Amino acid sequence: MDGLDERKVKILEAIIRTYLETGEPVGSRTISKYTDLNLSSATIRNEMSDLEELGYLTAPHTSAGRIPSDQGYRFYVDHLLKSKDKEISDMKEFVIEHTEKMEKVLKQVAKVLAQTTNYATMISSPNYNANKVKFIQLSQLDENQLLAVIVMETNIVRNKIIPLREPLDNETMLKLNVLLNSTLNGLSIPQINLGTISKMKEQAGDHSDIVGVVLDAVAESISQEELEIYTSGATNIFKYPELSDSRKASELIYTLEEKQQLAALVSDSLSSETETGIQVYIGNESPIQTMKDCSVVTATYELSEGVKGTVGIIGPKRMDYEKVMDSLKELKTQLDGILKKPST
C-alpha cells in the first residue's frame, strides 16, 4: 500500500470521501466522528501531518483542514479499483458456478416432477424485475472512453462503455462514483423515479449525460436477462384420452417444446401470486390457448427478495389436484433453500 499502514489508509480514505461530499478542507475532529478507528483528534492530526509530508494531502492557505493532493487521489483511485476488481472477480466466479448449478437443478426438477406425477412439467429461471443495484464502478479506459461496471444484488454484472467528449480528472471521476452509489445503491428500477433522475443529473452538472447512460445500462442489466424455461414429460399427455387427439396433442407438445408461449404463463403466475404461492388454472382460465383443455397448477419459488421463478404442472382437468398441490408445496420449499446463495 505504498508504505501506508492500515490506519493511515483509513484516515486518507475518510478525508477524501468527506472532501468529495463537502468540497471543504477536512479537519481532524470531522474524521474522528466518521472513522471506526476510535482515535483522538490529536492522534488523527499527527497522522494527517504524516500524510501531508508523504505527499498525499495538502493544506490550503492557513486552513487547519487538509484536502487530497493528486498523489492522494491517485492512491485512492488505485486502491478503490483494486478492491472493487477483486469483488467483481469473486462475483463473476459465483455467477458462473451458480448459473450452472441452477440450470442443472431446474432441469432435474422438471424431469423428476414429470416422472412422479405422470403429467407434463415446466419450470422457469428466476425473474429479475425487482433486482436492486449493489454498486457501480466508473473507471477511465482512455481519454475518450469510460467503463461503467454495474453489479446487481443478485450478482448480475454488466459492463458498459461510455464515450467521453473530454477526459475526466480524478476528482470528477470520484464525485460521479460517490453520486451514483450514494443515490442508487439498494434501489430497483421501479424505485428510480423521475425526481431521483433529475436530482442526480443536476448534481452531475456538465456530466449529466454520463448519469443518463449509466441509468440506461442499469435498466439493460435487468431487461437483457433472458428467461429460461425448462420442460419435461410432454409425451405424458398421450396417457389421457381427452388430450391425446392428434391435433390437440401436437399443439400442446409444440407449446411445451417451443416454450415462447410459456413466458405468458410465467408472467401471469408471478403477477397473480396467491398467499400460498400456488395458482390453479382450469380450462379457459389459462393464458395459453393450446392449454384450454388442460388444468395447470403453478407455484412460485424465491431465489432472493423479489427474485422469483415459476414451476408448473400441466395435465387433464381431472388431474389429482391434491397430490399435485402437495408436490408443488414441498418442491417450492426445497427450491427456496437449494437456489439461495449461502450466507458468508
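**A tour from loop to core to surface**

Select Lys259 first: its relative accessibility is 28%, so Lys259 counts as partly exposed. This is a predicted model. Lys259 sits in the loop that links helix H8 (246–258) to helix H9 (262–271). Check its backbone: phi is positive, about 75°, although Lys259 is not a glycine.

Next, select Asn118. Here too phi is positive, near 65°, in a residue other than glycine. Asn118 belongs to the loop between helix H4 (70–117) and strand E3 (120–124). With 33% relative accessibility, Asn118 counts as partly exposed.

Move to Lys134, in strand E4. Lys134 is partly exposed, because its relative accessible area of 34% falls between the cut-offs of 20% and 50%.

Select Ile136, Leu138, Leu146, Leu180, Leu184, Ile210 and Val214. In the largest nonpolar core, which has 25 residues, these touch the most other members. Colour the elements that each supply at least two residues of this core: strand E4 (133–142), strand E5 (145–152), helix H5 (170–184), helix H6 (194–204) and helix H7 (208–223). H7 gives the largest share, 6 residues. In soluble globular proteins, nonpolar side chains tend to be buried together.

Finish on the surface. Select Asp320, Glu322, Asp326 and Glu330, which form a negative patch. Zoom in on Glu330, in helix H10 (residues 321–338). Is Glu330 buried or exposed? Glu330 counts as exposed, because its relative accessibility is 51% and the cut-off is over 50%.

Terms used: Residues numbered from 1 in each chain as written. Predicted model: local features only at pLDDT ≥ 70, side-chain atom pairs only at ≥ 80, totals over all residues. Heavy atoms only, no water. Patch = residues over 30% accessible without salt bridge, like charges linked within 9 Å, V, L, I, M, F, W, Y side chains within 5 Å. Areas by Shrake-Rupley, 256 points an atom, 1.4 Å probe, with all protein chains shown as cover. Salt bridge = Lys/Arg side-chain N within 4 Å of Asp/Glu carboxyl O. Lys, Arg positive; Asp, Glu negative; His and termini not counted. Charge placed at Lys NZ, Arg CZ, Asp CG, Glu CD. Helix = DSSP H or I, 4+ residues; strand = E, 2+ residues; numbered from the N terminus. Buried < 20%, exposed > 50% of the residue type's maximum accessible area, 1.4 Å probe, protein only. Core = buried A, V, L, I, M, F, W, Y, C linked by side-chain atoms within 4.5 Å.
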